[in-house]
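Reader: Could you walk me through the contacts in this one? I'd like to start with how you decide what to count.

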Amino acid sequence: MPAAGSRHAAAIERAQREMLHEGASSPAVRTGAHGTRQRIGADVVCEALLRQGVDVFFSYPGGVILPLYDVLGDYPELRHVLVRHEQGGAHAADGYARVTGRVGVCMGTSGPGATNLVTGIGTAMLDSVPIVAITGNVPAALIGKDAFQEIDINGITLPMTKHNYLVRDADELPRVLAEAFHIARTGRPGPVHVDITKDALQQETHAGHPSLDEVMAGLPGFRPTMDGNHRQLKLAAAEIAAAERPVILAGHGVLHARAEGELRALAEKIQAPVAWTLLGVGAIDERHPLAYGYMGMHGWKHVNRAIQSADLLVAVGMRFDDRVTGNVRTYAPYARIVHVDIDPAEIGKNVAVEVPIVGDAKRVLAALGPMVEPVPAERRADYLDQLAGWRKDSEATSWHGSGAWRDGYLSADYVVQKIGELTDHEAIYVGDVGQNQMWLARYAGFRHPNTHVSSGGLGTMGFSVPAAMGAARGGTGREVWAITGDGGFQMTLQELMTLVQDQIPVKIALFDNKKLGMIRQWQEIIYAGNYHSAHLLGPDYLKLAAAFGIPAVKASRPEEVDDAVRFAQGVEGPALVWFEIAGEQNVFPMMPAGKGLSDLIEQWGGPDE
Amino acid sequence: MSTQSAPAQGGPQGAPAHAAPPSRALPGGGDQRLHRLVASVVDKPGVLNRVASLMRARNFNIDSLAVSRTDREGLSRMTITLHGDDVAVEQATKQLYRLIDVLKVQDVTSEPTVQHELALVKVRVTDSNRAEVLKLVELTRGRVVDVSAETVIAEISGTEAEVDNFVACVREFGIRELVRTGAVVMTRGGTSIEEAVKR
Ligand SMILES: Cc1ncc(C[n+]2csc(CCOP(=O)(O)OP(=O)(O)O)c2C)c(N)n1
């Protein structure tokens, strides 16, 4: 016992010295490139990232993750973006993942670095985005001792990750990192957090990287169901055959699975309109005749009306979130439901369904397609005519597009529509949270999958600029626009400097209503106009941009919009357009909390809303 | 001031327009009863924390939870008892499956099982009633595992009801301390939960 005890004491002492970066325990003694020194845990991290095809990651240094920064120079293929706040790094990894379909990577140090990542990890969790977040932690012997910058980050991320790890031994790193990437991207995607002690990063190791087979063998509890059960598919086909008023509901799962083609084919074969959730925007080209529109709390009235009168909902890769259903008791009262999702836990969670199908959206739709009878257009003629009429009606009453709102101020929906047009609907549009997010989803006009990025589940203000930064690093070849309110913009604008330093060409459309717009809207409609804290001061954004070295322009009138957008497009690196928009414009329709899809508020106050 | 839209018109073909739309049933509104789940999990540090954290975060109320190793290396077993309607408990099962370390979850509530728990009860005794307590322990198939001048520790195992019953009987003498393990469950007959876990 005494021997073990003194060994323990020695380990703590060593760890304490390490915390002070004392001595040459790091490979500082190396003479040249990485071949001439010992391979350590930090090398394993870099190797693993490269093996996983990571070309860029978003990170911020700190004491316990310095061993990694010490070897980074030996891996020039691995591009490191030095963010200005770890939350920005996590959102960037998220934005990168959403537009590329690859796993995004962010890193931070222990303690505050790790807690700063948390909002970004949670955002990725609620939207099922595959990211791997890596943090350093204090040396293993100091864990649990409240050492400097020690926090139980594993305990914090446990309920908000798909899986998480604490690694204290470099020999474990190859396996853990391979598992982390496999788990993040396989089945229902999601964030994985890997916490690595400083001594593990410094430890010499010869451990090799496992093959995918070895990884899977080590994860016996992780076997996502990809293919739909044949009997269930037959039941679904029968439901579809019997339906007169079917509506297909497309969610994020369609985009994750890259199932747009299969979705369109099914819609065409059964002549069913397609509605989409906030995260399902882009699942079908909005110009398609069966593309019916955005559903839910701020969705189109005609879409919600179609859902309320449907006799069958074919829901694919969506989770019947409260923003989509409103009061479940009154939701789609006449509809039977076929629900396709890769996560069995999503089926029957929020609404009871008639036909559950667990599986990957692409595989399920590919299998279901040949099993359904084609529906001749004549059979749906009355139905689709009625829907077309509803659509005309709702587009006419949902005010938008005339440029100026009251007193000549810019109308936000007009600006969004213009940005869509002037970018030929070919850019990537990253929304923030609030009114701007809803305007973006409603009016930009989406044609391609994964060109709309939004924090739907967590609703994280400040998401837009850093996520756009990651999206722009994704190498999609598309222009990237961050659409943000002045509130959200002020939450993470420190990343402007990152955009400048790395010349990341994000075009920022700042929708400045000098309000927390969505808060103001709720206060007007639900809290009897008690506008506490809705008014938001902001700086002179032209001066702000100038201070960062970002070309910027301001537009306050409809006739200035085109030039302002063109100006930003003409800038090679990042650019900012300050749209001074109306302060009191609301997003309509709006489903008040607790109400149902048939209880939309369509206007409030004057008829010009 | 406000104008609200009329409810969407047009139910399915044939449904009278004036009839109130039917109300959708909410999942999980059925009768509550006690469920017993057996979860086979990878024997790793932290797995108990994951299960407990999930049940808390998802608003499931655990009555008892017993964890132990099994005869298979690397495999642990949890017996979880919780109250809820069948749909809610099925949802708990599915949520548990989302944990990477969970290999198999079975709701054995409706299956023939042996369910036992163990209790240790430190009963206050005096010279005059010690014999009576010892007799009672014997009658209830309990076992005396410790005797002192003022106390007797009785060990009892059996179904929850049997343990409840024993505790109620000795309560009149005075209970100084009580500990119960929570139920462990095994299905009767030729089936094996452990063998059903694919590796
Ligand atoms: C981090 C965070 N804090 C608070 C909120 C609550 N919230 C939702 S919308 C909103 C107002 C957003 O204002 P702004 O960014 O100016 O956008 P607008 O609604 O005006 O377009 C707030 C405060 C949130 N979603 N996220």
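Author: A salt bridge is counted when a side-chain nitrogen of Lys or Arg lies within 4 Å of a carboxyl oxygen of Asp or Glu. Please keep in mind throughout that this is a predicted model.

Reader: Okay, which residue forms a salt bridge with Arg36(B), and how far apart are the closest N and O atoms?

Author: The partner of Arg36(B) is Glu160(B), and their closest N and O atoms are 3.9 Å apart. One salt bridge is the count between domain 1 and domain 2 of chain B, where the domain assignment gives residues 33-111 for domain 1 and 114-185 for domain 2.

Reader: And how much area do those two domains of chain B bury between them?

Author: Domain 1 and domain 2 of chain B bury about 600 Å² between them, with 49% of it on carbon and sulfur atoms. On the side of domain 1 of chain B, Arg36(B), Ala66(B) and Thr79(B) supply 62% of the area buried against domain 2, more than any other three residues. The contact involves ten residues of domain 1 of chain B and seven of domain 2, while the C-alpha centres of the two domains lie 29 Å apart.

Reader: Switching to the chains, how many residues of chain A are in contact with chain B?

Author: There are 43 residues of chain A in contact with 37 residues of chain B. The area buried between chain A and chain B is about 3,500 Å², and carbon and sulfur atoms give 54% of that. Leu158(A), Arg329(A) and Tyr334(A) supply 18% of what chain A buries against chain B, more than any other three residues.

Reader: What about polar pairs and salt bridges between chain A and chain B?

Author: The rule finds one salt bridge across the interface of chain A and chain B, and Asp343(A) forms a salt bridge with Arg98(B), their closest N and O atoms being 3.1 Å apart. It also finds nine residue pairs in polar contact across that interface, both residues being at pLDDT 80 or more.

Reader: Which element gives the largest share of the side of chain A that touches chain B?

Author: Helix α13(A) does, with four residues. By class, the side of chain A that touches chain B has 23 nonpolar, ten polar and ten charged residues.

Reader: Is α13(A) mostly covered or mostly open?

Author: Helix α13 of chain A, residues 301-309, is mostly covered, with nine of its nine residues buried. Those buried residues pack against several elements of chain A, among them β10 (312-316), α16 (377-397) and β19 (601-603).

Conventions:
Residues are numbered from 1 along each chain as its sequence is written. Chains are lettered from A and ligands numbered from 1 in the order in which they are written. This is a predicted model: local features need pLDDT of at least 70, side-chain atom pairs count only at pLDDT 80 or more; totals for chains, interfaces and linings use all residues. Side-chain values use heavy atoms; hydrogens and water are left out. Buried means under 20% relative accessible area, exposed over 50%, partly exposed in between (1.4 Å probe, protein chains only). Helices (H or I, at least four residues) and strands (E, at least two) are DSSP runs, numbered from the N terminus. Contact means heavy atoms within 4.5 Å. Domain bounds come from an automatic or database domain assignment. Buried area is the accessible area (1.4 Å probe) that two parts lose on being put together, summed over both. A polar contact is a pair of N or O atoms within 3.5 Å; within protein, one must be able to donate a hydrogen and the other to accept it, and residues adjacent in sequence count only if both atoms are side-chain atoms. Ala, Val, Leu, Ile, Met, Phe, Trp, Tyr, Cys and Pro count as nonpolar, Asp, Glu, Lys and Arg as charged, and the others, Gly among them, as polar.
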